[in-house]
Amino acid sequence: MTLNRNLNRRFVERDRQWHPAAYTPGYKTSVPRSPSQALVSLQTPSVSELTGPEFSRLRMGPHDNDLLLNFRDADSPGLPVGERVIMFGRVVDQFGKPVPQTLVEMWQANAGGHYRHKKDSYLAPLDPNFGGVGRCLTDDDGWYHFRTIKPGPYPWPNGINTWRPAHIHVSVMGPAISTRLITQMYFEGDPLIPICPIVQTLKDEEAVGTMIGRLDMARSRPMDALAYRFDLVVRGELQTYFENQ
Amino acid sequence: MQQPNLTPTANLMLRETASQTAGPYVHIGLALAVAGLPERDEEIWNELAKDNAEGERIEVAGRVIDGNGDLVRDALLEAWQADANGDYQTAFDLKAPFNSFGRTATTAEGNSEWRFVTVKPGAIARPDGRTMAPHINLTIFARGVNLHLQTRLYFDDEHKANAGCPVLGAIESPARRQTLIARREEGGEGGLPRYRLDIVLQGEGETVFFDF
Ligand SMILES: [Fe+3]
C-alpha cells in the first residue's frame, strides 16, 4: 500500500505567472472560455491530486511512436510527404530527475498543415499515408522518441491573416495528475513563432524557450532524417521525511 | 531563449515546460474515434468500470458551457477517481474491471454531452482524520483554454458526506459549492443511474476550479 508515501508527496507549486493566463484577449477564443473567478487553492493536496495513472500495462502497437508507418495499410502502403524528422527528448522533473515509464502523446498536422480531423477544412490536401498521432512511454531514464514528418504551418481564424507556426502538440502525464501538462513543440528558428497569438499568451520569453525543439545534428540520421530535441520538464517532486517509510 | 538545462542550476530548480492550449484538434491525439481516426488496439476512453466492477455502476454526464452560454463542443475531459472502496487504482489496465482514469469529450453535434461510465467512488479518509466525500477529479482541456482547468464532481445524494468534506469546505461561498454537485436522475443509457453536471467556464454559475 503506497498511501502514506503518496499522501506525504508534495510537488513544487505551479507558477501561474509563468504559464499563460486564462484570459488572453490576443487569442480570441480564450475570452469566453476563461474563468473570471479566482481559482480555489487546495492548501493540503490529497491522495486525489497526488496520485495519477501509470501506463506500463497499456498495450501499444509496434508503430505507435512512428508516424511514418503507423497510418500505413493495404490501401495506402506508401510513406507520407514531408521532411522526415526524429523528435526526441527527455522527461525530467524540476530537480532534473528523469520521469520513467510516463505516457507521452503527440498529434500534428501533415506537411501541408492539414489535420486528419473531420472538423479541419483547410484547403491543403490530406496525405493518404499520414494519420498524425503518436504515443510512447519514456524509458527508465526518461527518454522518448517519435519518428514523423515536420508539420506545415496553417492559417486559422483569429485575426484576418493569422498563421500557426509549425508545431506538434505534446501531452505528458508525469507521476500524478498534479503534473499533467499539455503543450506544443515549435521548431527552432521559425519566423512565425514570435507573431503567433497562442505563443504570445506567454509573457516570458524564457517560458517560450521551453517550447522550442532544437535541431540536433548529432542525433540526425545522414541521408534520412533531421533530429529535433524537445525536453519536457514537469513539476518537481519534493522529497519529504516520510519517503523512506 | 534556451533549451531547458537538464542540470538544475541557479535556484536549483528547472522551470516547468510552459502550457499551451490543446486546440480544436485535440481528438486526433487523445480521442481518435472523435476525430474520425481508426482506433488502436488499446485506447484510453470513457468506460472506467465494466459490468463486473465492484460497486454501484453509474453514468456521469454533462455539458461544458462558455461565458456566452454557448456549448463548448471541442472539450476533452479526464477523470481520476477512487474505486468503490475509496482506493485509487494507479496501474491503468484495460483488462481490469475498474480503472481510476478515463477520458471523454463533448460532441461536435447534438447535445454536446460528455459522458463516463464508472462506479460511484467511495469516501476517502485523510491522514488528518477528516474524510473527503465521494468525488471525481475532472481535468478540462479545450481550444481557448491555455492551461487545463481542474475541478471535482460530487454527488447530490451524499448530503452528509458533502457537508463534512474539507475540500468542499475550502470553498468560501456556499452557492459556489453547488457548482460541483452532480444531480442524480434515472434513465441513463442501459438503465444506469445518471449523475449530471454542467461545467460552466465563465460567468453566472461558473464552476469552481482548483489550484493544487
Ligand atoms: Fe495545432
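Colleague: Is Phe55(A) buried or exposed?

Modeller: Phe55(A) is buried, at a relative accessible area of 1%; buried stands for under 20% relative accessible area, exposed for over 50% and partly exposed for values in between, with a 1.4 Å probe and protein chains only. This is a predicted model, in which local features need pLDDT of at least 70 and side-chain atom pairs count only at pLDDT 80 or more, while totals for chains, interfaces and linings use all residues. Residues are numbered from 1 along each chain as its sequence is written, chains are lettered from A and ligands numbered from 1 in the order in which they are written, and side-chain values use heavy atoms, with hydrogens and water left out.

Colleague: How many aromatic pairs are there over all chains?

Modeller: The count is 12 aromatic pairs over all chains. Rings of Phe, Tyr and Trp (its six-membered ring) pair if their centres lie within 6.5 Å; planes under 30 degrees apart are stacked, over 60 edge-to-face and the rest tilted. One of the pairs is formed by Phe55(A) and Phe101(B), edge-to-face at 5.7 Å centre to centre with 75 degrees between the planes.

Colleague: Where do Phe55(A) and Phe101(B) sit?

Modeller: The pair crosses between chains: Phe55(A) is in the loop between helix 3 (47-50) and strand 3 (84-93) of chain A, and Phe101(B) is in strand 4 (residues 101-105) of chain B. Helices (H or I, at least four residues) and strands (E, at least two) are DSSP runs, numbered from the N terminus. Phe101(B) is buried too, at 2% relative accessibility. Ring pairs also join Phe92(B) with Phe55(A) and Phe101(B) in a cluster.

Colleague: And which parts of chain B does the pair of Phe155(B) and Tyr195(B) tie together?

Modeller: Phe155(B) and Tyr195(B) pair edge-to-face, 4.8 Å centre to centre and 85 degrees between the planes. Phe155(B) belongs to strand 9 (residues 149-155) and Tyr195(B) to strand 11 (residues 194-196), so the pair ties together parts 40 residues apart in sequence. Both Phe155(B) and Tyr195(B) are buried.

Colleague: Changing topic, what is the secondary structure of chain B?

Modeller: Chain B has five helices and 13 strands. Its radius of gyration is 18 Å, close to the 17 Å from the globule rule for 212 residues, so chain B is as compact as a globular protein of that length. The radius is taken over C-alpha atoms, and the rule is 2.2 Å times the number of residues to the power 0.38.

Colleague: What percentage of the residues of chain B count as buried?

Modeller: Of its 212 residues, 59% count as buried.
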